[in-house]
Structure formats: C-alpha cells, structure tokens
Amino acid sequence: MRAAMASSLPESQIAPAAGGVQARGIEKRLGNIEVLRGVNLDVAAGEILAILGSSGSGKSTFLRCVNLLTLPDQGDIWVHGEHLRLRPVSEDDSAPRILDHDQVRRVRASIGMVFQSFNLWPHMTALENVSAGPVLVNRLTRKAAAELGRRYLAKVGLSDKAGSYPRHLSGGQQQRVAIARALAMEPKLLLFDEPTSALDPELVGEVLRVMTALAGEGRTMMIVTHEVAFAREVSSRAAFMHQGRIEEEGSSREFFSNPASPGLRRFLAAHDERHS
Amino acid sequence: MDGFVLQFVEGLKTTVLLALISGALGMVVGLLAAAAKLSRFAPLRVVVGAYTTIVRGVPELLIILLIYFGGTVAISSFFGRYVEINAFSAGVLALTIVFGAYTAEIFRGAVLSISRGQIEAARSLGLHPWQTWLLIILPLMMRIALPALGNQWFSLIKETSLISIVGLTDIMRVAAVGAGSMRAPLTFYLAASALYLFLTSLALVVFNLLERHFAVRGH
Ligand SMILES: Nc1ncnc2c1ncn2[C@@H]1O[C@H](COP(=O)(O)OP(=O)(O)OP(=O)(O)O)[C@@H](O)[C@H]1O
Ligand SMILES: [Mg+2]
C-alpha cells in the first residue's frame, strides 16, 4: 500500500484492529542510507513480537518510529488504533513533520521504551528517575508517584536501591530501574531496543528474568534483541529484518523451528554455531 | 584618607551590584542564545551566531564606549534634547551583552555534551520540551558548565572596572580619583587590587561550593 494513498483514505476504511501497533510502508533515509524501505508490521494487543536482524538492518530505527523519536519519511502508523498525524517528506519539504504535538506526547506517554544504554538521568536517584514521568506527564501528586515508583522498583527487585544514584548501580540494576521507569507510566505498549547488549554477560540474566516476568502478564511488547534463545522463549511472534525490510515474520514456533527465507536460516544457523 | 574609606565602601557596593545584575541578566541571555544556537530554525542560528561572534571579537572597552555614546544618542533623539545615559545602566547593558555572548558558548558546549539518550528518555516518556529543558537539560548542563562559568564570572568582576571610564563611581574610579588627588597612587591602586581580589576570592568560594554540591549527587 502506498503511504500517500493510505493517508488520503478516510481513516474508518483502513483503521486496523483497535489495539497494538500497525505500521504500513514505513520508509526512512538517514544521511545517504535508505535505512527503512517500506516496512509493514503489526503487533496485536497482548502480543509479544521479537525483532531480529543483523547489525544495521534498521531494527532500532523502526522501533524509534513507533514512538516517533525518529520521524518516518513515508508511511502510516497506528498506535492503539489511533493514526499518528505526520506530514511525510515531499518535494518542497525534505524533513517529515509532526502535525499534532499533543497527540505525539500523549502516544509517547502510553508507550514505554527501554534503551540499550539505559539512559537513566544521573542527577536523580533511582526513585526520582522512576517517579518523574508520573508526576510531570500523568500529573500524579509527588506522594502518589513515589508510592508508584516504589512499587515498580520492588517489581524489578530493587526496593533497596530507591535512594541510589545511577552511578552507584551496576549495569543490570540500571537497566532494571529503566524498566521500572517505563512501567511506572503504566503504558499499553513496551518497546525494548537491545536491552541487554550493553551488559556484562553475568548481568544479562537478571534483566531477561524481569522481562520474562513482564511477558507473562499479557503485556504488548516489541523486543529488538540478539538473544535468540530468549526471543524464542518469550515471543508469540517474530520478525526478521534485512536491509530495511521485513524479510520474514510469523508465529514464533514456525519462525524459529521452520524458517522459510534463506536470510533468516543463515542468521539462525550462525547463532546456533556461536552457542554450541 | 578617612573620606576615601567611605568612598571605597560605596565603590565596592556599586561594583558588586553591577557585577551581580549584569551577571544574572547575562546568564539568561546566554541560555537563550545557546538554545537559539541549538534550534532547528536556521535564521535564528545565524542571527545569534553573528551576535556571539561579533561581541567576542571586539574589545570590551569598545563595547562599553559604543553602548554609552550610542545609548546617549538614542535617548537624546527619543526625548528631542541632549540626555546622557546613566553610567550604571550603560554598564549593565554592555556587560550583559558581553557576558551573554561568552556564556552562550559555554552553555551550548555543555548542552552538546549531555548524552543524547538522556534527552530521548525524557521525550519517550512524553515530557513537554520545556519540562525536558528545565528538569533534565539544565541541571545536567550546569555541572558541566560550572568550571568555565566560574572563570567567566571572575572576568566579569574584573571587567566592571572598565565602566569607570564612562564615569561610574566604582572601586576603580574611587582609586583613580584618590590616586590623583592624594598623590599616593600606589596606596590607592593597592587598596583597589585588594578589594577586587576579595571579590574574586568570594566568587571562587561560591563556585567551589556549587561544584561540590553538584558533584555529591550524580557524577
Ligand atoms: N543518525 C543517523 N545518521 C546516518 N545514518 C544512521 C543514523 N542512525 C542510523 N544510521 C544507519 O542506519 C542503518 C540502520 O541503523 P539501525 O540502528 O536502525 O540498525 P540496527 O538494526 O538497530 O543495528 P544494530 O543491531 O547494530 O543496533 C545503519 O547503517 C546505521 O549506520
Ligand atoms: Mg540497534
């Protein structure tokens, strides 16, 4: 489906299923590289989608398009059934634009994102990191937000670190605080961009355990990861990205045990070799 | 000599007031200029870029004279008769313009050194840009900017002495007048030096405290 056509259709005709995320014809050029070349991908509410792919295939860029940290040049995105109002690049404007900043903030507040590099704020304690969003965006009182923050720190197993500054925490602990920070917004969707790639091997497990527990709660999650075994275990569906396109997607069972495309076969075989 | 002690006290007050007011205003100008330099709006970047480049390329003394005489011309033409601009106001204006240009560069560099990811984390939660500026960028930037900002404040305190050239009765002017009339230049200039040294030492203490305050938390 061409992006421009999709935009001009009445939304009722194309509005997809109410929940989750639908992306259609997402294109993005960064510098001279066509990073995304027409990505179509759906995530239904309650689904856990793993996104695999080699380095540079556009996984991060695509994930960042979902909460508009990166604006797609072309294409349409629906989040929880709501069409994101963007102006695609055109002949007289080389940059895509946000048409409705309030909508973008509202949608971002409903999506939790966990980054590879944690991105905690170093001048705030763990608890302050977690309760800042609820106070500033969801307008909770400080007291209510602190309570909420403590609850989510407890959920990631860090009740005793509420008063610690990020630099006094290990990488695994920092990433768990970052997960608690995302959860405290009580989001309808969680995005993970290689949440364990920056961690020492012995710290990967504690983060994956937290994520596995979240997966068991019926949350909607999109997880970009190189942890194939983990992806296989927690995801309900999986997609393989290659050179800015989705090369294969399907139910996890099929995807991992019976890959159809040569690219995914090679990718999984290379992974098996490394881990046998 | 006793009379001069009182005059030095008055001069000290004027110098302190001048430094504090133009320093505070200058930091506001510097912050706004830094934000402008980082904005996506090209014309704004060009205009503010010209401001900081020009001001930093012209001697402070000349800027003061230009503001003083330019200000007098402007006000006179406004009232239709000769009105001399008040030396203190001219001093505040000139030093604010200078301080703003130098601190703009400091603030801009400090903002650029904040990790992009920490700002993106704020955006990803749905924070409004002004919330991100106030609660994330500003505090993170301050700790990086503090040492350079401290140096700039020392310069500012010393540069206030240039305003005496347009007749402001600050420490410098009291010393110059005393040196001439009492025929004891060394005494008066030594006294003035001691007063400036006192002020810069005070600034040093304040900035050390600030740096420690920011260092104890975070980094
Ligand atoms: N800001 C940018 N400017 C120019 N090129 C960029 C930019 N960001 C990413 N790229 C390029 O876009 C391509 C895809 O990047 P992306 O980060 O989406 O890949 P990825 O699949 O997440 O890779 P990885 O597994 O290494 O994280 C890469 O070739 C990268 O060099
Ligand atoms: Mg990536």
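# Two chains and what lies between them

User: How much area is buried between chain A and chain B?
Analyst: Keep in mind that this is a predicted model. The size of an interface is often given as the accessible area lost when the parts come together. Here carbon and sulfur atoms give 59% of the area buried between chain A and chain B, and the whole comes to about 2200 Å².

User: Which residues of chain A lose the most area to chain B?
Analyst: Three residues stand out, and together they make up 29% of what the chain A side buries. They are A:R105, A:W121 and A:H123.

User: How many residues of each chain are in contact with the other chain?
Analyst: Contact here means heavy atoms within 4.5 Å. Going by that cut-off, the count is 24 residues in chain A and 23 in chain B.

User: Which residues form the salt bridge across the interface, and how far apart are their closest N and O atoms?
Analyst: The rule finds one salt bridge between chain A and chain B. Its cut-off is 4 Å, from a side-chain nitrogen of Lys or Arg to a carboxyl oxygen of Asp or Glu. The pair is B:E120 with A:R64, and the closest N and O atoms are 2.7 Å apart.

User: What gives the most to the side of chain A that touches chain B?
Analyst: Okay, α4 (101–109), β8 (111–114) and α5 (126–136) of chain A each supply at least two residues of that side. With three residues, the top giver is α4(A).

User: How many nonpolar, polar and charged residues does the side of chain A that touches chain B have?
Analyst: Let's sort that side of chain A by class. The tally is 14 nonpolar, four polar and six charged residues.

User: Is helix α3 of chain A mostly covered or mostly uncovered?
Analyst: This helix runs over residues 59–66, so look at which of them are buried, meaning under 20% relative accessible area. The buried ones are A:K59, A:T61, A:F62, A:L63, A:R64, A:C65 and A:V66. That is seven of its eight residues, and α3(A) is mostly covered.

User: Which residues touch the most other members of the largest nonpolar core?
Analyst: That core has 80 residues, and helix α4 (residues 87–113) of chain B gives the most to it, with 12. Not counting residues up to four places away in sequence, A:F62 touches A:A23, A:I26, A:L36, A:V39, A:L41, A:I51, A:M222 and A:M241. The two that touch the most other members are A:F62 and A:M222.

Technical notes:
Residues numbered from 1 in each chain as written. Chains lettered and ligands numbered in written order. Predicted model: local features only at pLDDT ≥ 70, side-chain atom pairs only at ≥ 80, totals over all residues. Heavy atoms only, no water. Buried area = accessible area lost by both parts, 1.4 Å probe. Helix = DSSP H or I, 4+ residues; strand = E, 2+ residues; numbered from the N terminus. Nonpolar A, V, L, I, M, F, W, Y, C, P; charged D, E, K, R; others polar. Buried < 20%, exposed > 50% of the residue type's maximum accessible area, 1.4 Å probe, protein only. Core = buried A, V, L, I, M, F, W, Y, C linked by side-chain atoms within 4.5 Å.
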